[in-house]
Amino acid sequence: MELLYWDGCPSHPRALAELRGAMTAMGLNPDAVAVREVDSDDLARRERFVGSPTIRIDGADVVEPPEDEPYGLTCRVYYSRDGRVVPVPDRADVDAALQRALTERSHV
Amino acid sequence: MSLSIGDAIPLFALPDTSDQVHRVDGGAHGKSASVVVFTCNHCPYAIAWHDRLLDVAQDYKPREVRFYAICSNDGARYPRDSFAAMKQRVQADGGWPVPYLRDEAQDVAHAFGAERTPEVFVFDAEDRLAYHGAPDGSSDDPSQNAQWLRDALDDLLAGGPVSRPETKPVGCSIKWKE
């Protein structure tokens with residue numbers, strides 16, 4: 001589990017708190033999140049970082065970005081389940097991604 | 001460093017998305033207040049607050065409040081905030097009720113000391129800063145209706161000081177040129 005962030009965007013503390021809350025609710029260790037800063041355009045390209053925050057579980061983004069989304073140091077646009085533009089993933093999307101990962105791991 | 005309450009509005013002349021230049025030149029303008037919002041196309045906070053801010057512009061236009069939206073972000077590194085992208089956005093929206101100004105040199109953002117998108121500055125009839133901060137308390141909650149900005153304008157239009165003159169701007173950092 002990893003959370004990638006860029007310091008120029010203020011939303012990662014909230015995203016991290018919500019991710020840890022979701023993990024705790026599912027009985028997972030909330031400290032098992034690797035938090036990594038992306039601080040250059042070069043690193044953004046290498047990390048396929050389309051904006052802050054980006055949460056990946058087993059390498060998969062909790063909300064897959066559009067294929068043509070450019071890499072770079074920026075704030076990421078998410079949509080809530082009721083269609084609003086929000087700066088962090090909808091909690092329901094995080095829950096669903098965690099559940100998917102748990103299901104896939106149980107099948108390994 | 002950002003402007004302080006009571007500071008004079010920085011002067012500027014910037015083009016809008018129709019290439020018409022808008023000037024704040026220190027001369028008489030006959031308006032009861034002025035709102036300057038630094039914003040952009042790509043930031044989730046700016047997008048989330050956008051409709052609320054345009055609603056304020058519409059609602060207070062009959063009360064002689066002038067309103068400017070300014071994008072200062074580096075359009076080379078952030079093409080979604082380029083002048084061309086600004087023009088495309090306004091056209092796609094069928095026009096905006098406020099001029100969307102291009103601060104290509106970023107000197108207007110520097111003059112205001114702006115750091116975020118969105119970041120709101122409200123000036124009184126004498127062009128002195130009366131409110132600086134966020135539109136309201138949460139980008140996530142449209143029902144907040146840019147109430148901090150509306151309160152500031154209501155206080156000014158009632159002839160009094162602004163009761164909450166400063167709040168913390170919340171949003172993406174302005175993308176400075178390297």
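In this predicted model, twelve residues of chain B are in contact with twelve residues of chain A. On the chain B side of this meeting, the elements that contribute two or more residues are helix H1 (44-60) and strand E9 (172-173) of chain B. The points below look at that side of chain B, then at chain B as a whole, and finally at two helices and one residue of chain A.

**Where chain B touches chain A**

- Helix H1(B) gives the most to the side of chain B that touches chain A, with four residues.

**The build of chain B**

- Chain B contains four helices and nine strands, and along the sequence these elements follow the pattern β-β-β-α-β-α-β-α-β-β-β-α-β.
- The C-alpha atoms of chain B fill a box of roughly 45 × 35 × 35 Å, taken along the principal axes.
- A compact globule of 178 residues would have a radius of gyration near 16 Å, and the 15 Å of chain B agrees with this.
- Of the 178 residues of chain B, 46% count as buried.
- If one takes the contacts in chain B between residues at least 6 apart in sequence, 76% of them join residues that are at least 24 apart.

**Two helices of chain A that meet**

- Two packed helices are described by the angle between their axes and the distance between the axes.
- In chain A, the axes of helix H1 (residues 12-25) and helix H3 (residues 91-106) come within 10 Å and cross at roughly 50°.
- An angle of 65 to 115 degrees would count as roughly perpendicular and one under 35 degrees as roughly parallel, and H1(A) and H3(A) are therefore oblique to each other.
- The crossing of H1(A) and H3(A) is right-handed.
- From H1(A), the residues A:Glu18, A:Leu19, A:Ala22 and A:Met23 take part, and they meet A:Arg91, A:Val94, A:Asp95 and A:Leu98 in H3(A).
- The residues of this contact between H1(A) and H3(A) divide into five nonpolar, no polar and three charged.

**One residue of helix H3 in chain A**

- A:Gln99 also belongs to helix H3 of chain A, and A:Gln99 counts as exposed because it has 12 C-beta neighbours inside 10 Å, where the cut-off for an exposed residue is 12 or fewer.

Key:
Residues are numbered from 1 along each chain as its sequence is written. Chains are lettered from A and ligands numbered from 1 in the order in which they are written. This is a predicted model: local features need pLDDT of at least 70, side-chain atom pairs count only at pLDDT 80 or more; totals for chains, interfaces and linings use all residues. The radius of gyration is taken over C-alpha atoms; the globule rule is 2.2 Å times the number of residues to the power 0.38. A residue is buried if 20 or more other C-beta atoms lie within 10 Å of its own, exposed if 12 or fewer, and partly exposed in between; C-beta atoms are placed from the backbone. Two residues are in contact if their C-beta atoms, placed from the backbone, lie within 7 Å. Axes are lines fitted to C-alpha atoms, for helices over the stretch in contact, and angles run from 0 to 180 degrees between N-to-C directions. Angles under 35 degrees count as roughly parallel, over 145 as roughly antiparallel, 65 to 115 as roughly perpendicular and the rest as oblique. A crossing is left-handed if the near helix is turned anticlockwise from the far one by less than a right angle, and right-handed if clockwise. Ala, Val, Leu, Ile, Met, Phe, Trp, Tyr, Cys and Pro count as nonpolar, Asp, Glu, Lys and Arg as charged, and the others, Gly among them, as polar.
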